[in-house]
Amino acid sequence: MGHPIMFDDDDPYLERLRAIALAFPAAEEVISHGRPHFRVKKVFAVYGSGTKGPAETRLRYDHGLVVLPEDGERLALEQDPRFFLPAYLGPSGWVGIDLAAGGRAGPERVDWAEVAELLDGSYRQVAGARLVARLDVEGSPAARART
């Protein structure tokens with residue numbers, strides 16, 4: 001028995017995220033554990049997550065983005081209140097950001113250039129030298145998001 005689907009395909013946050021994530025070379029979307037995962041050979045981003053712990057303290061982030069930041073950025077991200085340590089992936093260096101800011105922000109209030117930067121850093125951690133070189137030649141979606 002597979003995991004239940006835990007997202008809406010017409011979610012406006014996911015729609016914007018897909019446009020950025022799938023613009024990376026060789027990126028594809030797969031559904032795993034009921035959530036969209038963006039990958040090349042390895043996963044570089046997951047849409048939706050939660051924290052680990054007892055039911056009374058566990059938090060669910062339906063509009064969360066989970067990425068693998070560069071080593072030098074992780075500590076700063078963990079200190080930013082918008083970020084959380086995701087269940088299962090947190091101990092391996094991954095962090096999550098609540099795009100909906102606890103339900104207080106719609107997709108139009110998300111800093112999509114920042115999201116693109118987070119995706120870029122995570123992509124570079126897992127993509128492999130050839131794909132990173134291709135990204136550098138073709139230009140990153142993060143660079144396009146800043147303009």
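## Two helices crossing

The axes of α3 and α4 (residues 129-138) come within 8 Å and cross at roughly 145°; axes here are lines fitted to C-alpha atoms, for helices over the stretch in contact, with angles from 0 to 180 degrees between N-to-C directions. On the α3 side the contact (heavy atoms within 4.5 Å) is made by D120, Y123 and R124, and on the α4 side by L131, V132, L135 and D136.

This is a predicted model, so local features need pLDDT of at least 70 and side-chain atom pairs count only at pLDDT 80 or more, while totals for chains, interfaces and linings use all residues. Residues are numbered from 1 along each chain as its sequence is written, and side-chain values use heavy atoms, with hydrogens and water left out. Helices (H or I, at least four residues) and strands (E, at least two) are DSSP runs, numbered from the N terminus.

## A closer look at α3

Helix α3 covers residues 112-126, and its end C-alpha atoms are 21 Å apart, which agrees with the 21 Å that 15 residues should span at 1.5 Å a residue. That expected span is 1.5 Å times one less than the number of residues.

After the helix comes G128, with a positive phi near 95°.

Which strands does α3 lie across? They are β3, β4, β5 and β6, and α3 runs at about 125° to β3. The open sheet has 6 strands in the order β1-β2-β3-β4-β6-β5, with antiparallel pairing (strands pair if DSSP finds at least two bridges between them). β1 (28-32) and β5 (83-84) stand at the edges with a single partner strand each, so one side of each has no neighbour in the sheet.

Strand β4 (residues 60-67) pairs with β3 (residues 43-50) over 5 bridges, V46 being the bridge partner of V66. β4 also pairs with β6 (residues 95-98), over 4 bridges, and there V67 stands opposite V95.
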